[in-house]
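Here is a short briefing for a first look at this structure. Keep the sequence and the 3D view open while reading.

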Amino acid sequence: MDIELFSVSLLNVLHWKPLLMIFLGVTGGIIIGSLPGLTATMGVALLVPFTFGLPLIESIGMLLGIFCGAIYGGSIPAILIRTPGTPAAAATLIDGYPLSQKGEAGRALSISVFSSFVGGLSGALIMTVLSPQISKFALQFGSAEYFALAVFGLSIIVSVSSGSIIKGIIVGFLGLLISTIGMDPITGYPRFTYGSIDLFEGPAFIPTLIGLFAFSEVFKGVETLSSTTKTAKRIKSVFPSFSDIKIVWKDIAKSSVLGTFIGAIPGAGSDIAAFVGYSEAKRRSKNPEKFGNGAIEGVAAAESANNACTGGAMIPMLSLGIPGDAVTAILLGAFVIQGFQPGPMMYQDHLDVVYTVFSSMMVANIALLIVGLIGIRLFARIITVRKSILLPAIFVLSIVGAYSMRNSMFDIWVALFFGVLGYFLQRYRFPVSPILLALILGPMAESNLRRAFIIADDSMISVLTRPITATLLTLGIIALVTAVFRQRKLDKNLAIIDDS
Amino acid sequence: MPPVLRSRFMFRNKNLLLGLFGIAISSVVLYLTTSFPDSPNTSLGPSFFPVVLAYGLGFFSSLLVTTSLITNTIEKFDSFSFKIIGIRRAGFSFLITVIYCLLLEFFGFLVCTTIYLMALMFLLKERNYLLMLFSASLISSVIFLIFNILLNITLPLGLLYGY
């Protein structure tokens, strides 16, 4: 690691403008994450357009701030009103809400911020050490290996999608088909464009993700409009006590490492990490019976694990160019808009950018601790905002976000189309994330496969039998087959429960 | 199964219909790719990837159809009907959004967005008109200022300003 370059990057991030953007990003992320029904993915999708006009270093800082803030923000309503703001905070409510009911909401929230900070910082540090090593290995990759990597990434993501595996695969294929709209990457022939210049580059990424993750959610929000106004509990203390830190530090340390490695597995998101961290803390506890009734260790383990996941998810994204989940897929798209293609070559050609990412991630977690602790009372009030005001504002942000990338009305229609598509897909229990990942991995798979065939004189055997290619493809198939068996077992268990 | 019951089963079985829809999409893609040219350098031309994907989509959609017929149980979904007030509200919000998008370039962001926001708030049962006017004006002005001035991204100004 080039310590001198890293120090320069860190100093650049600590200038007032990038620092301000990181703080704004963290604040915006916490606000969106804390609003029930708005996921971290939706938060990042809505706030990405705010980074278009910014210089690279400020843009990266803001994006990573949003990412870290949104994952933590979900814990606020989980603790206060038993509604996780994001799926990642589902494990936090198990002990967070009972603590809140006992009048210890401030204690739960402050430990939640502290654990998120330690988890996030640990994830960022592990990312800084690990991702350059992985990228060195990835430098051996040729076209065939990249094709296999894209297929592997997609199969892993489909295999861990919630619900039916068949539906996940169908959506994956649909997304890959959508990714073929536009100019053919090798010959330049326009496919499925019907003469429309707007479609020559395919459906633009940002409007598509805004449609899938913001519009579809907001349509659902309008449909299930709840008239009940929930009030936040009174919060007394906002700083974690030393006695609490003494109780939870071992759980935080363990969950931070677990969360980072779970985050590094494509498809295994922060919700899974939080539950694994929580279960591990409960397993090793001397008083497991306290869990579920307001154990502060439960809050700490879940929150440190889900925030450590942010650093972990960045590892495959930065070193291989493979997004680990929907949020990192959006971040990858935002990097591309800024003119940088994440992957092993970035470590060769733009090491300064890589180090800016590392240092921004660390600073973002420190900002999370500061903003999180200072703003606990304010964020607790935000969750009571009226839906009748909030949802229309999200509609406008979605439209402006889709428009602002290319100042194009066409992109708004694209976002609306994908919003309706996402709404119906979710209604009929099709996972939406595979579409987004297919839009990134599809062009990578196609162009590399065809390039590999040209290099190998159209010999399929020599393309598919290269050691790394064959290994990755086999692993992808194993992941899918395992997922099918796992689902069959789950269906059987459900049938037994239904019968009884 | 008698024909009447069979058609009712088909209509109620959404997975079956969705599978058939997937097969239809894959057939259309396969048909469209027949007009794509061949590549002079390699056997994998512009149609190769879409064709493979269309076959994949068709295969797994057929699998969805088959499993939904074999399992004999119908997966239950929330019903989708415009008789349901929530669905009607979501439909209206979509319609209002389409009208807003059509008028945005003519009337400009500020005017159009303020009216659009108020219409949506009304749809979402907000009846405090002063709050509606205040929050709609505030939201549209803040977004306009952030994008137009801070981020240098021009939002439509409308006919009033010539574009």
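A residue counts as buried when its relative accessible area is under 20%, and as exposed when that area is over 50%. By that cut-off F152(A) is buried, because its relative accessibility is 16%. The model is predicted. Chain A has 500 residues, and chain B has 163.

**Chain A overall**

- Chain A holds 22 helices and two strands.
- Its radius of gyration is 22 Å, close to the 23 Å that the globule rule gives for 500 residues, so chain A is as compact as a globular protein of that length.
- Along the principal axes, the C-alpha atoms of chain A fill a box of roughly 70 × 60 × 50 Å.
- Buried residues make up 63% of chain A.
- Among contacts in chain A with a separation of 6 or more, 80% join residues 24 or more positions apart.

**Chain B overall**

- Chain B has six helices and zero strands.
- Along the sequence, the pattern reads α-α-α-α-α-α.
- In chain B, 40% of the residues are buried.
- Among contacts in chain B with a separation of 6 or more, 52% join residues 24 or more positions apart.
- Chain B exposes about 9600 Å², with 72% of that area supplied by carbon and sulfur atoms.

**The nonpolar cores**

- In soluble globular proteins, nonpolar side chains tend to be buried together.
- The largest nonpolar core here has 194 residues.
- Its members that touch the most others are L80(A), L209(A), M314(A) and F109(B).
- Helix α16 of chain A, residues 351-374, gives this core its largest share, 14 residues.
- A second, separate core has eight residues, including A274(A), A281(A), A295(A) and A302(A).

**Helix α5 of chain B**

- Helix α5(B) runs over residues 109-123.
- Buried residues of α5(B) include F109(B), C112(B), Y116(B), L120(B) and L123(B).
- The buried residues of α5(B) pack against α18 (387-404) of chain A, and also against α4 (85-107) and α6 (129-150) of chain B.
- F109(B) touches residues of chain A, V396(A) and V400(A).
- On chain B, the contacts of F109(B) include Y100(B), L104(B), I143(B), F144(B) and P156(B).
- T113(B) also lies in α5 of chain B.
- With 0% relative accessibility, T113(B) counts as buried.
- Beyond its neighbours within four places in sequence, T113(B) is in contact with V396(A), Y100(B), L104(B) and S140(B).
- Just after α5(B), K125(B) has a positive phi of about 70°.

**Helix α1 of chain A**

- Helix α1(A) covers residues 3-13, and its buried residues are F6(A), S9(A) and V13(A).
- Viewed down the axis of α1(A), these residues fall within an arc of 60°, so they line one face of the helix.
- The face turned away from the buried side carries the exposed residues E4(A) and L11(A).
- Cover for the buried residues of α1(A) includes α2 (16-34), α4 (56-73) and α16 of chain A.

- F152(A) sits in helix α8 of chain A, residues 143-159.
- Which residue has its C-alpha atom 6.0 Å from that of F152(A), yet lies 321 residues apart along the chain? That residue is L473(A).
- Leaving aside neighbours within four places in sequence, F152(A) is in contact with L472(A), L475(A) and G476(A).
- T469(A) is part of helix α22 of chain A, residues 467-499.
- The relative accessible area of T469(A) is 0%, so T469(A) is buried.
- Setting aside neighbours within four places in sequence, T469(A) is in contact with A144(A), E145(A), A148(A), V463(A) and L464(A).

How values were computed. Residues are numbered from 1 along each chain as its sequence is written. Chains are lettered from A and ligands numbered from 1 in the order in which they are written. Side-chain values use heavy atoms; hydrogens and water are left out. Helices (H or I, at least four residues) and strands (E, at least two) are DSSP runs, numbered from the N terminus. The expected span of a helix is 1.5 Å times one less than its number of residues. Buried means under 20% relative accessible area, exposed over 50%, partly exposed in between (1.4 Å probe, protein chains only). Contact means heavy atoms within 4.5 Å. A nonpolar core is a set of buried Ala, Val, Leu, Ile, Met, Phe, Trp, Tyr and Cys residues joined through side-chain atoms within 4.5 Å. The arc is that of the directions from the helix axis to the C-beta atoms. Accessible areas come from the Shrake-Rupley method with a 1.4 Å probe; for residues, only the protein chains shown count as cover. The radius of gyration is taken over C-alpha atoms; the globule rule is 2.2 Å times the number of residues to the power 0.38.
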